[in-house]
Amino acid sequence: MEEIIRTVEKCPSGALSYSLDGVEHRDPDRDPLITVLKDDPYCVTGGIEVVGHESRAEAVSNEHCTLCRCGSSKNKPFCDGTHWEIGFTDGDS
Ligand code: FES
């Protein structure tokens with residue numbers, strides 16, 4: 001169960017949720033944070049507002065998102081997974 005919860009909380013779009021005792025959990029309560037992981041997009045959590053883009057789909061989270069760091073997303077500023085296709089890396093660091 002904890003692995004499922006962790007997976008839902010990592011969902012970049014926020015489209016996933018889980019229910020415990022009939023209560024739906026979609027967005028965790030976290031402090032604002034931007035995380036950079038090697039070879040991955042920026043992970044924005046904690047409800048930081050992203051401005052300057054077209055509106056997002058209704059099913060996505062306003063609590064977290066991933067922002068493109070490779071420059072090749074077709075849905076900028078958001079990551080659309082293209083970094084996997086192009087083999088984006090941070091190099092040897
Ligand atoms: S970092 Fe994911 S598409 Fe650019």
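User: By class, how many nonpolar, polar and charged residues does the lining of the largest cavity have?
Analyst: The model is a predicted one. Residues that line the largest cavity include Cys68, Cys70 and Cys79, together with Asp40, Arg69 and Asp80. Gly81, Thr82 and His83 also belong to this lining, as do Pro41, Ser73 and Phe88. Sorted by class, the lining comprises five nonpolar, four polar and three charged residues.

User: How much space lies in the largest cavity?
Analyst: Rolling a probe the size of a water molecule over the atoms shows where empty space is left. The space in the largest cavity amounts to about 50 Å³.

User: Which pattern does the chain follow when read along the sequence?
Analyst: The C-alpha trace of the chain spans about 45 × 30 × 25 Å along its principal axes. Two helices and five strands are present in the chain. Read along the sequence, these elements give the pattern α-β-β-β-β-β-α.

User: Which residue in β4 is the bridge partner of Leu33?
Analyst: Strand β3 covers residues 33-36, and strand β4 covers residues 42-45. The two strands run antiparallel and are joined by four bridges. Within this pairing, Val36 stands opposite Tyr42. For Leu33, the bridge partner in β4 is Thr45.

User: In the hairpin of β3 and β4, which residue takes a positive phi?
Analyst: The hairpin of β3 and β4 has five residues between the strands. The positive phi there is near 65°, and the residue that takes this value is Asp39.

User: How many residues apart in sequence are the parts tied together by Glu63 and Arg30?
Analyst: Side chains of opposite charge can pair when their charged atoms come close. Of the three salt bridges in the structure, one is formed by Glu63 with Arg30, whose closest N and O atoms are 2.7 Å apart. Glu63 lies in the loop between β4 and β5, while Arg30 lies in the loop between β2 and β3, so the pair ties together parts whose separation in sequence is 33 residues.

User: What is the omega of the cis peptide bond that joins Lys76 and Pro77?
Analyst: Pro77 lies in the loop between β5 and α2. The bond joining Lys76 and Pro77 is a cis peptide bond, with an omega of about 10°.

User: What phi does Asp21 have?
Analyst: Asp21 is located in the loop between β1 and β2. Although Asp21 is not a glycine, its phi is positive, at about 50°.

How values were computed: Residues are numbered from 1 along each chain as its sequence is written. This is a predicted model: local features need pLDDT of at least 70, side-chain atom pairs count only at pLDDT 80 or more; totals for chains, interfaces and linings use all residues. Side-chain values use heavy atoms; hydrogens and water are left out. On a 1 Å grid over the protein atoms alone, a cavity is a set of points where a 1.4 Å probe fits but cannot get out, and a pocket is an open set with protein on both sides within 12 Å along at least five of seven lines; lining residues have an atom within 4 Å of a point. Grid points are joined across faces, edges and corners, and a volume is the space filled by probe spheres set on the points. Ala, Val, Leu, Ile, Met, Phe, Trp, Tyr, Cys and Pro count as nonpolar, Asp, Glu, Lys and Arg as charged, and the others, Gly among them, as polar. Two strands pair if DSSP finds at least two bridges between them. A salt bridge is a side-chain nitrogen of Lys or Arg within 4 Å of a carboxyl oxygen of Asp or Glu.
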